[in-house]
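Open the structure in your viewer and keep the sequence panel beside it. The stops below say what to select next and what is there.

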Amino acid sequence: MQRLSARQRRCLDAMAIQVWEARATAADTRPSRESAAPEDTRGGEEHRGNWRPLQQQVQECVRCELSKTRTHTVFGAGNESADWMFVGEAPGAEEDRQGLPFVGRAGRLLTAMIGALGMSREEVYIANVLKCRPPNNRDPMGAEVRECESYLHQQVAHVRPKIIVALGRFAAQSLVKTTRPIGKLRNQVFQFEASEIPLIVTYHPAYLLRNPLDKRKAWQDLCLARRILDSA
Ligand code: URA
């Protein structure tokens with residue numbers, strides 16, 4: 001990982017993570033990603049088409065019972081041609097109220113984690129496996145995931161991220177299609193479905209709020225993701 005910028009250090013402080021850094025060398029004086037203009041490395045937007053119909057479809061979706069209890073669907077947010085895609089479990093109460101992903105307390109920590117990588121929320125794409133809130137934040141059910149997963153697949157096909165970060169056990173198990181515990185899924189590189197998009201697993205920010213000692217491991221996961229992306 002290249003030297004951290006002042007903003008990255010602030011974000012790591014917000015995550016309460018102390019990082020030891022090597023002293024600066026001449027090579028480290030190149031502009032950080034923070035100051036660099038966002039680049040689109042995939043050339044051309046022709047493949048993307050218009051995803052307004054997909055957004056509309058999600059907004060009107062009644063494929064499962066969650067449509068009866070939701071206030072808003074939560075489609076996703078961010079840069080439609082992002083290199084990084086973060087995928088959580090399902091909207092919580094605040095997300096259901098606002099119709100946006102990760103806007104509650106856990107969302108603020110996710111923003112800090114993204115900032116620690118030298119990016120803003122607007123540069124990445126953030127989505128969930130489920131687009132509607134399960135009542136009382138209960139675990140999503142298998143049938144709900146089956147009905148909803150094609151939406152996420154279409155989002156991935158549209159954004160074409162260079163890396164996907166699954167946030168938490170539920171997202172990880174759904175995306176990797178396994179029942180293995182999260183501790184056995186971290187520190188490995190998977191591929192998203194039949195695509196060649198690398199996928200790594202880390203802890204959910206809500207879990208990290210309850211277990212701050214694991215933030216250091218989450219930071220290691222994000223550094224692994226960064227290394228994969230940088231070596232692609
Ligand atoms: N938790 C999630 O998994 N997703 C959100 O959008 C908010 C909280």
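Start with the sheet: six strands form an open sheet with mixed pairing, in the order β1-β3-β2-β4-β6-β5. β1 (77-78) and β5 stand at its edges with a single partner strand each, so one side of each has no neighbour in the sheet. Strands here are DSSP runs of E with at least two residues, helices are runs of H or I with at least four, and both are numbered from the N terminus. Two strands pair if DSSP finds at least two bridges between them.

This is a predicted model, in which local features need pLDDT of at least 70, side-chain atom pairs count only at pLDDT 80 or more, and totals for chains, interfaces and linings use all residues. Residues are numbered from 1 along each chain as its sequence is written.

Next, colour by pLDDT, the predictor's confidence in each residue, from 0 to 100. The protein averages 88, and 84% of the residues score at least 70. Select residues 22-44: pLDDT stays under 50 there, and the model has 15 contacts beyond four places in sequence for this stretch. A contact means that the C-beta atoms of two residues, placed from the backbone, lie within 7 Å.

Now walk across the sheet. Select β1 and β3, which pair in the antiparallel sense over two bridges; G78 has Y125 in β3 as its bridge partner. Within β3, Y125 and A127 point one way, I126 and N128 point the other way, and all are buried. A residue is buried if 20 or more other C-beta atoms lie within 10 Å of its own, exposed if 12 or fewer, and partly exposed in between, with C-beta atoms placed from the backbone. In a regular strand the side chains alternate between the two faces of the sheet.

Four parallel bridges join β2 and β3, and G88 stands opposite N128. On to β4: β2 and β4 run parallel and share four bridges, with F86 opposite V165.

Which strand is largely enclosed by the rest of the structure? Select β6 (residues 198-202): four of its five residues are buried, so β6 is largely enclosed. β6 pairs with β4 (residues 163-167) in the parallel sense over four bridges, and A166 stands opposite V201. Two antiparallel bridges join β6 to β5 (residues 190-191), where F190 stands opposite L199. The hairpin of β5 and β6 has six residues between the strands, and in it E193 takes a positive phi near 45°.

Select helix α10 (residues 215-231). Its 17 residues reach 24 Å from first C-alpha to last, close to the 24 Å expected at 1.5 Å a residue; the expected span is 1.5 Å times one less than the number of residues. Its buried residues are K215, A218, W219, L222, L224 and A225. They pack against α5 (105-116), β4, β6 and α9 (205-210).

Then show the ligand. Among the residues around the ligand are G88, N128 and A206, where a residue counts if its C-beta atom, placed from the backbone, lies within 6 Å.

End at P135, in the loop between β3 (125-128) and α6 (142-159). Is P135 buried or exposed? P135 counts as exposed because 12 C-beta neighbours lie inside 10 Å. The C-alpha atoms of P135 and T69 are separated by 7.0 Å, although the two residues are 66 residues apart along the chain.
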